Amino acid sequence: ISSILKISLESSPLDEQLTRVLDLILAIPSFKMNSRGSIYLVEEKTGCLGLKAMRGFSVAQVDACKVLSLGEGCPAVPAPACSIINTDCLAVQHDILYTTEGSTRRYCVPIVFGRQTLGLINVAVEDGQQRPLPEEEEFLSAIANSLAGLIERRQSEAVKNRLREQLVESEKLAALGRITANVAHTIKNPLTVIGGFAERLYDTSAPGSKEKKFSGLIYTESIRLERILQNVLLFSRRSDDRTMPCNLAEITERVLSLYEELFKQKSIQLQRALDDLPVISGNKEQLHQAIENLVANAIDAMHNGGTLTATLTREEINSAPYTAVKIQDTGSGIAAENLDKIFEPFFTTKLALKGTGLGLSITKKIVEDHGGFIRVDSEAGGGATFGLYFPIPQK
């Protein structure tokens, strides 16, 4: 217990701390014969059990049991593959359970802070042991209580850091909005004039001349700057409180219909499964913009054609119902080092003339303004799936 408390005071990552704690548990003589154990934590966003530390299992078992279901919204795991893990102790009573299966005997120990379930510990015992030992249960209970304090503190720190980052980001956006509002008209009017004269010069210049080439570049750049300014205004604008009943299936279908010709031109096959779900309260124009940004990005990612799949489903996350709009492509995917950056304003992996780096930032802002959140699943060369999750109003 003293060693665990010492580990909890260190600044190392939580997963590393849990692995070291599991090693300490398995060093106890009663457990050393088998040296098999695992620690799972409840994932905040999905409510599933995520593997944080595991010892004594095969690579296949570890891969199969990385995520375990605690209810709807979690991936289905083949029962034989994960029979090595017992989650029964997370039932209502939250008691330590001692189970036997053949020659295998193990403890399932809930990690609980107050009334909040944080995770569980699974640990195997000596094959010859026929019944639970009180001192082992007391020891594992003390371990679980110590871990509960450690996990709750680290999660509280993570929440504080996230709120601090959101506050800083909000202040940045507020400053950006004030600056943009003050200079928007001053910038836009000269840009319009420059673009207009450049277009006239382009039309009147001799084909192949330097004047035609340069005026074309000036016109193209002025259009790009106008688009950037328009996106900045949209991104920094306060949330529109005007709402109405919105059918996400109809909005998604309307967005897809706008790109029908482009799908044909770029050899992109369209697949759709848009279930008719309850309407949500929101701003139709903004929701249209959010979904359109995802569709446009998916098209840009499929340089040599591919398949775009649009789905609309109901999902339960942490016992709350959500409507999920998912846009999946078979394009170039997103490199792992860029996954944490793609929602940052002005970050883009597109060519300068094609992207402003605000599309996903705007989409994320719109979804969050509607009380939802956005998820992305992608890897380089493996396509990407973006999901917009909107809460379904409760009657």
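1. A cavity here is a set of grid points where a 1.4 Å probe fits but cannot get out. The model is predicted, and the structure holds one such cavity of 30 Å³ or more. The space in the largest cavity comes to about 40 Å³.

2. Which residues line the largest cavity? The lining consists of Leu294, Asn297, Ala298, Ile327, Asp329 and Phe386. By class, four of these residues are nonpolar, one is polar and one is charged. Helix 9 (284-301) and strand 11 (320-329) each contribute at least two residues to the lining, and helix 9 has the largest share, with three residues.

3. Overall composition: the protein has ten helices and 13 strands. Of its 395 residues, 39% count as buried. Among contacts with a separation of 6 or more, 62% are between residues 24 or more positions apart.

4. The largest nonpolar core has 37 residues, of which Phe263, Val295, Leu308, Phe386, Leu388 and Phe390 touch the most other members. Two or more residues of this core come from each of helix 7 (248-258), helix 9, strand 10 (306-317), strand 11, helix 10 (359-369) and strand 13 (384-391). Helix 9 gives the largest share, seven residues. As a general remark, nonpolar side chains tend to be buried together in soluble globular proteins.

5. Leaving aside residues up to four places away in sequence, phenylalanine 390 touches Leu248, Ile280, Leu287, Pro321, Tyr322, Thr323, Val325, Val367 and His370. A second, separate core has 27 residues, including Leu118, Ile121, Ala148 and Ile151.

6. How many disulfides does a search of the whole structure find? The search finds one. The partners are cysteine 89 and cysteine 108, with their sulfur atoms 2.1 Å apart. The link is left-handed, at -55° about the S-S bond. Cysteine 89 and cysteine 108 are both buried.

7. Cysteine 246 has a relative accessible area of 0% and is therefore buried. The cut-off for this class is under 20% relative accessible area.

8. Is arginine 106 buried or exposed? Arginine 106 is buried, because its relative accessible area is 11%, and the cut-off is under 20%. With residues up to four places away in sequence left out, arginine 106 touches Ser83, Ile84, Ile85, Asn86, Leu97, Tyr98, Thr99, Glu101, Val123, Ala124 and Val125.

9. One backbone angle deserves a line. Serine 267 has a phi near 55°, a positive value in a residue other than glycine. Serine 267 is placed in the loop between helix 8 (260-265) and strand 8 (268-274).

How values were computed: Residues numbered from 1 in each chain as written. Predicted model: local features only at pLDDT ≥ 70, side-chain atom pairs only at ≥ 80, totals over all residues. Heavy atoms only, no water. 1 Å grid on protein atoms, 1.4 Å probe; cavity = no way out; pocket = protein on both sides within 12 Å on 5 of 7 lines; lining within 4 Å. Points joined across faces, edges and corners; volume = space filled by probe spheres on them. Helix = DSSP H or I, 4+ residues; strand = E, 2+ residues; numbered from the N terminus. Nonpolar A, V, L, I, M, F, W, Y, C, P; charged D, E, K, R; others polar. Core = buried A, V, L, I, M, F, W, Y, C linked by side-chain atoms within 4.5 Å. Buried < 20%, exposed > 50% of the residue type's maximum accessible area, 1.4 Å probe, protein only. Contact = heavy atoms within 4.5 Å. Disulfide = S-S within 2.5 Å.
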